[in-house]
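Hi,

Here is the structure I promised to hand over. Have a look at it first, and then read on for what I found in it.

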Amino acid sequence: MIPLGRTVQMGRVLQLFENEGDGTLPRLGTLLHLYGRSGTGKTLCAQNTLTSLAAQGFKVVRISCSQVFRPESIFHLVLRQLLDGKGCDVKIDHLSADEFVQLLTASDLFVSSSQRAVILFDEADLLRDLNDPNLISLLYRLHSLVLPKEVSTIFVSRLPYTKFRSGTGFASPFQIHFPSYSGVELKEILLQDYSTQYIDKLINPLFPSISDEQRALIYGATKEMLVSLSNV
């Protein structure tokens, strides 16, 4: 599903992962940086891309950088998802950067010669809080460091790539900007059928014991309000 108002951005993302041949298999080794303010559909587009690639046989890894407190945590999270229950005797804790890359390139436990992988780093701007420019440089060069393994990386951030680059040794990614939604787009999003999910998130913490009848009344009132706003 393409998020509302993000047809252009989603199309560019998918195009980058398409072969120039028949267009059915994603291209490998892609480095992609999606950026824009919070709530602009970046993560949803990235997740939809991973879903599409997984259906085509890609091994997909999702990393939330909000769960990362030290560099080796990223190495562990990536390898644990790529390992997926195989090679349980392989040590993946407390790895150095060199050991991490060596495991990715030397072992078929994670990415076989016939399997492609894509790693999503969501909230990537939080990596800057680790104050480790070598880690950021490593992750942005990972797709080239693990050759001949075919690993693509997608970074989702509120910040443009220029805020990550420090000195030399940085690969230049494909950059796709996600602008803020217009007022019309926001109204359309809120008026979609799944808007009740957002209402649930608002009322459940405040009224955990609300009845179905009361919930229906809130839904109805909210819908009427949104419809009136759309006519403004």
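**What I found**

G41 lies in the loop between β1 and α2 (helices, H or I with at least four residues, and strands, E with at least two, are DSSP runs numbered from the N terminus). At 18% relative accessibility, G41 counts as buried; buried means under 20% relative accessible area, exposed over 50%, and partly exposed in between, with a 1.4 Å probe and protein chains only. Setting aside residues up to four places away in sequence, G41 touches F178 and Y181, where contact means heavy atoms within 4.5 Å. G41 and G5 are 36 residues apart along the chain, and their C-alpha atoms are separated by 8.9 Å.

Before you dig in: this is a predicted model, local features need pLDDT of at least 70, side-chain atom pairs count only at pLDDT 80 or more, and totals for chains, interfaces and linings use all residues. Residues are numbered from 1 along each chain as its sequence is written, and side-chain values use heavy atoms, with hydrogens and water left out.

**The overall picture**

The protein chain has 8 helices and 5 strands, and from the N terminus on they run α-β-α-β-α-α-β-α-β-β-α-α-α. Of the 232 residues in the protein chain, 39% are buried. If you take contacts between residues at least 6 apart in sequence, 72% of them join residues at least 24 apart.

**Aromatic rings**

A pair of aromatic rings is described by the distance of the centres and the angle of the planes. For the cut-offs, rings of Phe, Tyr and Trp (its six-membered ring) pair if their centres lie within 6.5 Å; planes under 30 degrees apart count as stacked, over 60 as edge-to-face and the rest as tilted.

The structure holds 5 aromatic pairs. In one of them F75 and F100 are stacked, at 4.5 Å centre to centre with 20° between the planes. F75 sits in helix α3 (residues 71–83) and F100 in helix α4 (residues 97–106), so this pair ties together parts that are 25 residues apart in sequence.

Y140 and F164 give a tilted pair, because their ring centres are 5.8 Å apart and their planes are at 45°. Here Y140 is in helix α5 (residues 133–145) while F164 is in the loop between β4 (151–157) and β5 (174–177), so the pair ties together parts 24 residues apart in sequence. Y140 and F164 are both buried. They also belong to one aromatic cluster, together with F121, F155 and Y161.

There is a charge over a ring as well: R6 lies over the face of Y181, at 4.1 Å from the ring centre. That label needs NZ of Lys or CZ of Arg within 6 Å of the ring centre and within 35 degrees of the ring normal.

In helix α1 (residues 7–16), the buried residues are Q9, M10, V13 and L16. Looking down the axis of α1, they fall within an arc of 130°, so they line one face of the helix (the arc is that of the directions from the helix axis to the C-beta atoms). They pack against β1 (31–35), α2 (42–55) and β5. On the face of α1 turned away from the buried side you'll find the exposed residues T7, V8 and Q15.

How do α3 and α5 sit relative to each other? Their axes come within 10 Å and cross at roughly 25°, with axes being lines fitted to C-alpha atoms, for helices over the stretch in contact, and angles running from 0 to 180 degrees between N-to-C directions. The two helices are therefore roughly parallel (under 35 degrees; over 145 is roughly antiparallel, 65 to 115 roughly perpendicular and the rest oblique). P71, I74 and F75 of α3 make the contact with L135, L138 and L139 of α5.

Most residues other than glycine have a negative phi, and most peptide bonds are trans. E123 has a positive phi of about 55° although it is not a glycine, and N131 is another non-glycine residue with a positive phi, near 55°. E123 is in the loop between β3 (117–122) and α5, and N131 is placed in the loop between β3 and α5 too. E123 is partly exposed at 35% relative accessibility, whereas N131 is exposed at 68%.

I63, in strand β2 (residues 59–64), is 60 residues from E123 in sequence and 8.9 Å from it in space, C-alpha to C-alpha. I63 is buried at 2% relative accessibility. Beyond its neighbours within four places in sequence, its contacts include V68, L77, I119 and F121.
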